[in-house]
Each structure stands twice: as C-alpha cells, then as structure tokens.
Amino acid sequence: MSEFAKTRETALEALQSFIPRSGKYSRDRNAVVEGNTNVSCLSPAIRHRLLTEWEVAEAPLAKYAVSTVDKFTQEIYWRSYWKGWLSMRPEVWDDYEASFENPFSEKAESVMAGVGPIAVMNSFAEELTRTGYLHNHARMWFAGYWIHIARLPWAQGARFFERNLLDFDPASNTLSWRWVAGLQTPGKTYLPRRSNIEKYIAPHLLDPTGLELLENPVALVPENITKPEITRADLMSDHIPESGGLWIHEEDLNPESSPLARFKPSAILVSGNGDRLSKIGASEIRRRWTDSAISDAADRVEAHYAVKTECAMTADLLAWARANQLSDIVALRPEIGPLHDELRALKETLAEENITLHLIIRPEDQMLRPFAKSGFFPFWKKLQTRLKKGEFPLKNDVLPF
Ligand SMILES: Cc1cc2nc3c(=O)[nH]c(=O)nc-3n(C[C@H](O)[C@H](O)[C@H](O)COP(=O)(O)OP(=O)(O)OC[C@H]3O[C@@H](n4cnc5c(N)ncnc54)[C@H](O)[C@@H]3O)c2cc1C
C-alpha cells in the first residue's frame with residue numbers, strides 16, 4: 001500500500017479491493033508483511049469518516065458469510081467501542097492532555113529518531129514518520145518497547161503517534177497506549193516478545209539486531225490505578241433548525257450520510273484544526289493528508305447541497321458566521337479530543353453575537369455509545385444482537401426527520 005485513500009471515492013475503491021482479502025483477515029491479520037496487504041489500511045478514511053464504520057463492516061457481506069468476516073467486523077467496532085468508552089470518561093483524555101507540558105527526554109528523542117538498540121523498533125519509528133501508518137501489531141510492539149523496555153512515559157509515546165499517524169484518533173490511540181501500559185485493564189500489560197515478533201515477521205524482513213533484549217521482558221507495572229468513573233452518561237442531539245450555516249470539520253467529513261443530509265444550509269464552512277497540528281508539531285505528511293481529505297469534503301458537499309463552500313480554520317468560524325449573517329450554525333458533534341475541547345469557548349464566543357451552535361449526534365453513534373459502559377465483549381454482544389436482527393445500522397426512515 002503506497003498511498004492511503006484521502007477522498008471518499010478512493011476510499012470506496014480501496015474498500016472494494018479489500019473485500020476479496022477480507023475472507024482471510026482472521027487468519028492473516030497479525031502478520032506484519034510488506035505493504036500491509038493483509039489488512040485494509042482504511043483507518044485514516046474511517047477515522048475522519050470519509051467512510052462510516054458500518055459501511056465498511058457491511059461491504060464484505062456481499063461476498064462472505066457473517067461468520068467468515070466476523071473478526072474484521074469486530075475490529076471495526078473496536079474503534080466505536082473506544083470512542084464510546086472515552087466519551088463517557090472525558091477526564092482520561094484531559095489527563096493525557098495535561099502531560100503535554102513535559103518535554104521529551106534525550107532518550108525519547110533517540111527512540112523517535114529510530115536510533116535505539118533494537119533494529120526492528122528503529123524500523124517501526126522510521127516507517128511511522130515516513131508513511132504516517134503502522135500495522136496494529138507493530139503499534140503494539142513499539143508501544144510495549146517504549147513503555148516496558150525503554151521505560152519512557154506512555155503519554156509521550158502516544159504523543160509521538162499523534163504527531164505522525166494519519167489515522168490519529170484520541171480514543172483509539174490514548175486507550176490503546178493505556179492498555180499496553182496496564183492502565184486500561186488493571187493487571188494486564190502488553191509486552192513485546194522476541195518469539196512473538198519472530199513468529200509474525202518473515203525472516204527475510206526481520207533484522208534480529210537487539211532482539212535478545214526482548215527475550216525476558218519485565219513489565220513496568222503501574223501503581224495506584226484508579227478506575228475512571230462515568231461522568232458523562234447522557235448526551236443528546238440538539239434540535240436542528242429550519243435553516244442556517246453548516247459547519248463541517250475534520251472529525252466527520254461525510255455529512256451527506258448523516259441526519260444533516262437533508263438540511264438546507266445557507267452557507268457552508270469546512271474546517272481543519274491546523275492550530276492543533278502546529279501545537280503538537282504534527283508531521284508534514286499528516287498535515288497534507290488532512291488538507292486533501294478536507295478539500296475532498298468541500299467538493300462533495302458543494303455538489304450535494306448546491307451551496308458555495310468555503311474552507312478555513314476552526315478559528316475562522318465566527319468571521320464566517322458574521323460574513324454570512326448567520327444566527328444558527330449546525331454541525332456534527334465532535335467526539336472527545338482536541339476539537340471537542342474548543343467547543344465551550346466557541347459556543348460562548350458565538351453566543352455573544354447571538355449565534356447558536358447546534359450539535360447533532362449521528363443516531364448510530366447515539367445507539368452504540370451506552371453499550372461501551374464496561375468491557376468490549378459486553379459491547380460486542382449487544383451490538384451483535386442488533387446486527388443479527390437488522391436493527392443496526394439504522395435505516396434512513398428512522399432518522400429524526
Ligand atoms: C498503541 C496503539 C495505538 C493506536 N492508535 C490508533 C489511532 O490513533 N487511530 C486508529 O484508528 N487506530 C489506532 N490503533 C488501532 C489499530 O492499530 C489501527 O486502527 C489499525 O492498525 C489500522 O489499520 P487498518 O485500517 O489496516 O486496520 P484493519 O485491520 O484493516 O481494521 C479495519 C478498521 O478497524 C478499526 N480497527 C482495527 N483494529 C483496531 C483496534 N485495535 N482498535 C481500534 N480500532 C481498530 C480501524 O478503524 C481500522 O481501519 C492503535 C493501536 C495501538 C496498539
């Protein structure tokens with residue numbers, strides 16, 4: 001895979017071309033192979049909702065039985081699970097953000113630069129910064145190495161991923177790093193082991209230098225773990241006004257497949273959160289991918305709504321609202337993460353000029369969210385029941401219009 005789909009059209013093509021391989025996903029997915037051909041590489045597109053989770057999950061069913069692609073379906077909904085879990089416990093994200101002020105140590109800098117004692121970890125650091133992607137197993141090994149072998153703070157490793165991953169997702173990234181560190185499931189850490197790496201990377205692709213350091217790894221067991229409480233159980237959609245401006249942001253670049261599909265906007269803004277990318281020192285490749293996906297969304301929505309569309313930064317929302325004399329703006333609600341953190345201030349600034357920001361939740365997200373109150377398997381069981389009965393994904397006729 002040389003390039004990650006950055007438009008809805010190319011993402012749909014990539015999904016179609018993955019379907020024949022999805023039948024072997026369960027058997028092959030753990031191997032780290034050249035070009036990552038055993039996995040879909042769709043995560044950047046799914047993360048920014050060029051594709052929805054449910055359309056990706058449904059596509060292989062045109063060719064395979066539910067049981068054949070069950071593992072692929074489950075993996076897709078891990079993303080929904082993490083999102084739901086974090087959205088009810090926002091302080092876990094706040095804790096990660098609070099670690100931002102700590103500078104990277106010299107040791108961390110050398111691990112990120114791919115200058116460490118274990119060749120395969122150096123190659124993962126290099127691949128991540130060059131391509132903006134790592135296979136799931138490589139992410140697990142690298143995070144385990146960072147935390148338990150290099151003994152570096154987990155949140156800094158997560159920040160390194162945030163700078164580089166095209167699919168960076170506040171929930172999947174933060175909670176996966178916490179899981180490797182032993183914070184997410186108390187008592188369970190994830191250790192990278194030589195035997196496991198040798199099993200899943202073909203010998204001709206694996207430089208064994210330094211692997212002896214992974215023969216008997218010892219976990220860094222966290223102390224005083226507290227189970228995060230659910231502090232935000234209810235989350236409802238706002239009312240959709242008759243008319244107003246439509247704000248589309250990089251958290252969900254596909255309003256045509258949402259309850260906003262039939263909204264009649266008088267003006268449209270598509271925005272990226274470039275300030276955040278500057279703040280964290282995001283890689284050029286991540287910035288470029290995001291810009292392309294935003295400009296694809298702008299072209300699509302202009303055609304869909306037949307309204308002239310502007311592209312700008314989130315910080316330009318007020319100026320855009322003023323210029324278009326808006327009293328109402330409608331947007332899909334961003335999940336917990338950097339953009340969500342800005343909402344309160346944004347709403348207040350707009351309210352000072354009598355502009356109301358209405359935040360809409362996709363009904364599918366609303367349905368899945370409460371399933372994530374505890375572990376993944378109870379979540380999956382509830383979802384599976386709905387999938388079997390044809391009650392998920394929701395049909396258009398039950399959308400709130
Ligand atoms: C330390 C660490 C950090 C991670 N950070 C991110 C992140 O920032 N963003 C992100 O999208 N994923 C993250 N993941 C999860 C997973 O590694 C990626 O989603 C997956 O590798 C993406 O590649 P793919 O599209 O080829 O996946 P496929 O195997 O083809 O899976 C299809 C889709 O299912 C979802 N998915 C698959 N595995 C997982 C998983 N374990 N957790 C959550 N969703 C999953 C993704 O949306 C993915 O695109 C992280 C995992 C680890 C261990």
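Is Leu-42 buried or exposed, going by its C-beta neighbours inside 10 Å? Leu-42 has 21 of them, so it counts as buried. Let me give you the rule here: a residue is buried if 20 or more other C-beta atoms lie within 10 Å of its own, exposed if 12 or fewer, and partly exposed in between, with C-beta atoms placed from the backbone.

Hello everyone, and a word on what we are looking at. This is a predicted model, where local features need pLDDT of at least 70, side-chain atom pairs count only at pLDDT 80 or more, and totals for chains, interfaces and linings use all residues. Residues are numbered from 1 along each chain as its sequence is written.

Let's stay with Leu-42 for a moment. You will find Leu-42 in the loop between α2 (25-28) and α3. Setting aside neighbours within four places in sequence, Leu-42 is in contact with Ala-5, Ala-11, Ala-14, Leu-15, Leu-51 and Val-56. Contact means that the two C-beta atoms, placed from the backbone, lie within 7 Å. Thr-209, on the other hand, is 167 residues from Leu-42 along the chain, and their C-alpha atoms are separated by 32 Å.

Now the whole chain. The protein chain has 18 helices and five strands. Those are DSSP runs numbered from the N terminus: helices are H or I with at least four residues, strands are E with at least two. For 401 residues, a compact globule would have a radius of gyration near 21 Å, and the protein chain agrees, with 21 Å. That radius is taken over C-alpha atoms, and the globule rule is 2.2 Å times the number of residues to the power 0.38. Along the principal axes, the C-alpha atoms fill a box of roughly 65 × 50 × 40 Å. Of the 401 residues, 43% are buried. Among contacts between residues at least 6 apart in sequence, 75% join residues at least 24 apart.

On to the sheet. In what order do the five strands of the open sheet stand? The order is β3-β2-β1-β4-β5, with parallel pairing. β3 (309-313) and β5 are at the edges with a single partner strand each, so one side of each has no neighbour in the sheet. From one strand to the next, the twist averages 25°. Pairing here means that DSSP finds at least two bridges between two strands.

Let's zoom in on β2. Strand β1 (residues 244-249) and strand β2 (residues 265-272) run parallel and are joined by six bridges. Trp-247 has Leu-269 in β2 as its bridge partner, and His-249 stands opposite Ser-271 in β2. β2 also pairs with β3, again in the parallel sense, over five bridges. There, Ile-268 stands opposite Thr-309 in β3. Seven of the eight residues of β2 are buried, so β2 is largely enclosed by the rest of the structure. Helix α14 (residues 284-305) lies across β1, β2 and β3, and runs at about 170° to β2. For that angle, axes are lines fitted to C-alpha atoms, for helices over the stretch in contact, and angles run from 0 to 180 degrees between N-to-C directions.

Leu-357 is buried, with 21 other C-beta atoms within 10 Å. Beyond neighbours within four places in sequence, Leu-357 is in contact with Ile-329, Ala-331, Leu-346, Lys-347 and Leu-350. Lys-347 is ten residues from Leu-357 along the chain, with 6.1 Å between their C-alpha atoms.

Two helices next. In α10 (residues 154-164), ten of the eleven residues are buried, so the helix is largely enclosed by the rest of the structure. Among those buried are Trp-154, Phe-160 and Phe-161. Helix α15 (residues 317-323) holds Arg-322, which counts as exposed with 12 C-beta neighbours inside 10 Å.

Last, the ligand. Which of the 28 residues around the ligand come nearest? They are Val-39, Ser-40, Ser-43, Asn-173 and Ser-176. The elements giving two or more residues to this shell are α3 (43-47), α5 (70-88), α9 (136-149) and α11 (170-181). A residue is near a molecule if its C-beta atom, placed from the backbone, lies within 6 Å of it. By class, the shell has 14 nonpolar, seven polar and seven charged residues. Here Ala, Val, Leu, Ile, Met, Phe, Trp, Tyr, Cys and Pro count as nonpolar, Asp, Glu, Lys and Arg as charged, and the others, Gly among them, as polar.
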